[in-house]
Amino acid sequence: MIIIIIYIMTELDNLRKGDRAIVVEYQDETPLTNHLRVLGLVPGTELSVRNPAPFGGIVQIDFRGQSIGLRKQDMQQVKVQKIVMP
């Protein structure tokens with residue numbers, strides 16, 4: 001059995017509930033992106049999207065056994081490779 005995994009480059013805010021991705025880089029160096037690094041959201045980290053709030057509110061992100069909430073505008077700072085398994 002062959003498993004094919006496809007990676008699609010995008011920003012974190014383009015992901016939907018249940019999507020998985022790997023962090024590639026940050027757009028800018030800001031206090032927020034530095035804080036995310038301290039929390040362990042560094043390039044190479046796999047994450048999943050859970051429970052996006054309606055109307056563009058806070059989105060719950062799970063990674064490395066922890067869960068954080070990010071605003072849509074902050075998620076635009078994170079470039080990821082979306083994991084697609086056909």
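Reader: Where is Met-85 found?
Author: This is a predicted model. In it, Met-85 sits in the segment after strand 6, and that strand spans 78-84.

Reader: Is Met-85 buried, partly exposed or exposed?
Author: Partly exposed, because its relative accessible area is 45%. The cut-offs are under 20% for buried and over 50% for exposed.

Reader: Which residues make the nonpolar surface patch with Met-85?
Author: Met-1, Ile-3, Ile-5 and Tyr-7 make the patch together with Met-85. The patch covers about 620 Å².

Reader: Switching to Ile-8. Which strand does it lie in?
Author: Ile-8 belongs to strand 1, residues 6-11. Its relative accessibility is 41%, so Ile-8 counts as partly exposed.

Reader: What does Ile-8 contact, leaving aside neighbours within four places in sequence?
Author: Val-80, Gln-81, Lys-82 and Val-84.

Reader: And how far apart are Ile-8 and Ile-83?
Author: In space, 6.8 Å from C-alpha to C-alpha. In sequence, 75 residues separate Ile-8 and Ile-83.

Reader: New topic, Thr-33. Where is its place?
Author: Thr-33 is in helix 1, which runs over residues 31-39.

Reader: Why does Thr-33 count as buried?
Author: Because its relative accessibility is 0%, and buried means under 20%.

Reader: What does the side chain of Thr-33 reach?
Author: The backbone oxygen of Asp-28, at 3.2 Å.

Reader: Which residues does Thr-33 touch, not counting those up to four places away in sequence?
Author: Asp-28 again, plus Tyr-26 and Gln-77.

Conventions. Residues numbered from 1 in each chain as written. Predicted model: local features only at pLDDT ≥ 70, side-chain atom pairs only at ≥ 80, totals over all residues. Heavy atoms only, no water. Patch = residues over 30% accessible without salt bridge, like charges linked within 9 Å, V, L, I, M, F, W, Y side chains within 5 Å. Areas by Shrake-Rupley, 256 points an atom, 1.4 Å probe, with all protein chains shown as cover. Salt bridge = Lys/Arg side-chain N within 4 Å of Asp/Glu carboxyl O. Helix = DSSP H or I, 4+ residues; strand = E, 2+ residues; numbered from the N terminus. Buried < 20%, exposed > 50% of the residue type's maximum accessible area, 1.4 Å probe, protein only. Polar contact = N/O pair within 3.5 Å; in protein donor to acceptor, adjacent residues only side chain to side chain. Contact = heavy atoms within 4.5 Å.
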